[in-house]
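This report describes the fold of a single protein chain, working from its overall dimensions to its individual strands. The sequence and the model are shown first.

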Amino acid sequence: MSAQILDGKATAAAIKSELATRVEALKSRGVTPGLGTVLVGDDVASQKYVAGKHRDCAQVGISSIQRELPGTATQEEIEDVVRELNADPGCTGYIVQLPLPKGIDTNRVLELMDPAKDADGLHPTNLGRLVLGEPAPLPCTPNGIIELLRRHGVEIAGAEVVVVGRGITVGRPLPLLLTRRSENATVTQCHTGTRDLGAQLRRADIVVAAAGVPHLIKPEYVKPGAAVLDVGVSRDESGKIVGDVHPGVAEVAGWVAPNPGGVGPMTRAMLLSNVVEAAERNAG
Ligand SMILES: Nc1nc2c(c(=O)[nH]1)N[C@@H](CN(C=O)c1ccc(C(=O)N[C@@H](CCC(=O)O)C(=O)O)cc1)CN2
């Protein structure tokens, strides 16, 4: 039997419609939320993701501020744009699209952002707040994963979750969210250095694959009925996405988040949600 689908596209559409109502309410109070993006270089995937973020903004009534710099931009030039957005009253929140070109100190750029405008929840202050259990904007992909599971009725509390990956946007922050009392999952973090990945995965009720290794998660690693979410993005020669999860997993799992169409659209919806929440907070 084939797994049920964790439909990120449909779920994100529902969330966007809820957000559009909240944006209308803000506008009736004279507040228009604004999302800024900083895109450096000409990476085609990054250009596509940023364009998608601005399309989403238009759909829900959030205004867009786009800053683009060439791949040759210096650290100082990027930091100047960050300072400019920190000071821009029309910008409720913004993101710096990752990865930045080689040679740029990403952490220095992220640290320069005003944490109150950090729409990605990746500023060290906000990640620290998350560790301390204080309110903070939540990283978009981890938050999107939890929302996707919740809205499909997949039980998180008490679940054994295996996260595969240790990147800044998914692997590192996701266990922080899942082990909060509100989620109450038990999390094992694996990565490409894990000795026996199959042994770890076979215990998991929920698997999140974010290692960026094509088809790393094989059907024989998956417990029957488990929820498996594919966040890995590699590309074949034609530019088509190849995820971390082998297609055969759908025959064993109870739920799968496809890739594309699963977690990606949820990442974008959660970004909008962070901007609307910041605007509501600022409006008092
Ligand atoms: N500043 C950030 N940079 C990056 C993040 C992030 O959360 N903040 N995450 C990824 C890229 N990303 C958002 O920026 C992102 C990736 C994928 C999608 C998405 O909707 N994907 C579609 C497929 C699109 C395609 O065909 O290529 C899907 O999954 O259906 C949205 C956002 C790294 N950088």
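The text below treats the overall chain, its domains, the sheet and the nonpolar core.

The structure is a predicted model, in which local features need pLDDT of at least 70 and side-chain atom pairs count only at pLDDT 80 or more, while totals for chains, interfaces and linings use all residues. Residues are numbered from 1 along each chain as its sequence is written.

**Overall chain**

The secondary structure comprises nine helices and eleven strands; helices (H or I, at least four residues) and strands (E, at least two) are DSSP runs, numbered from the N terminus. The chain has a radius of gyration of 19 Å, close to the 19 Å given by the globule rule for 284 residues, so it is as compact as a globular protein of that length. This radius is taken over C-alpha atoms, and the globule rule is 2.2 Å times the number of residues to the power 0.38. The C-alpha trace spans about 50 × 40 × 40 Å along its principal axes.

Of the 284 residues, 42% count as buried, a term that requires 20 or more other C-beta atoms, placed from the backbone, within 10 Å of the residue's own. Among contacts with a separation of 6 or more, 69% are between residues 24 or more positions apart; a contact means that the C-beta atoms, placed from the backbone, lie within 7 Å.

**Domains and annotated spans**

The chain is divided into domain 1 (30-116) and domain 2 (140-264), with bounds that come from an automatic or database domain assignment. Their centres, taken over C-alpha atoms, are separated by 28 Å.

UniProt, in an unreviewed entry, lists a "Tetrahydrofolate dehydrogenase/cyclohydrolase catalytic" domain at residues 6-120. It also places a "Tetrahydrofolate dehydrogenase/cyclohydrolase NAD(P)-binding" domain at residues 139-282, again from an unreviewed entry. UniProt positions are given in the numbering used here, feature names are shortened, and annotations may be inferred rather than shown by experiment.

Six strands form an open sheet with parallel pairing, in the order β1-β11-β8-β7-β5-β6; two strands pair if DSSP finds at least two bridges between them. The edge strands, each pairing on one side only, are β1 (4-5) and β6 (186-190). Two bridges connect β1 with the parallel strand β11 (residues 255-257), and Gln-4 stands opposite Trp-255 there.

Strand β7 (residues 206-209) directs Ile-206 and Val-208 one way and Val-207 and Ala-209 the other way, and all are buried. Strand β5 (residues 160-164) pairs with β7 in the parallel sense over four bridges, with Ile-206 as the bridge partner of Val-161. Four bridges also join β7 to the parallel strand β8 (residues 227-230), where Val-228 is opposite Val-207.

**The nonpolar core**

A nonpolar core is a set of buried Ala, Val, Leu, Ile, Met, Phe, Trp, Tyr and Cys residues joined through C-beta atoms within 7 Å. The largest one holds 78 residues, of which Val-207, Val-208, Ala-209, Val-228 and Leu-229 touch the most other members. Helix α9 (residues 263-283) supplies the largest share, ten residues. Domain 1 (30-116) and domain 2 (140-264) both give residues to this core, so it lies between them.

Leaving aside neighbours within four places in sequence, the contacts of Val-207 are Val-162, Leu-201, Ile-217, Val-222, Ala-226, Val-228 and Leu-229.

How values were computed:
Buried ≥ 20, exposed ≤ 12 C-beta atoms within 10 Å, placed from the backbone. Contact = placed C-beta atoms within 7 Å.
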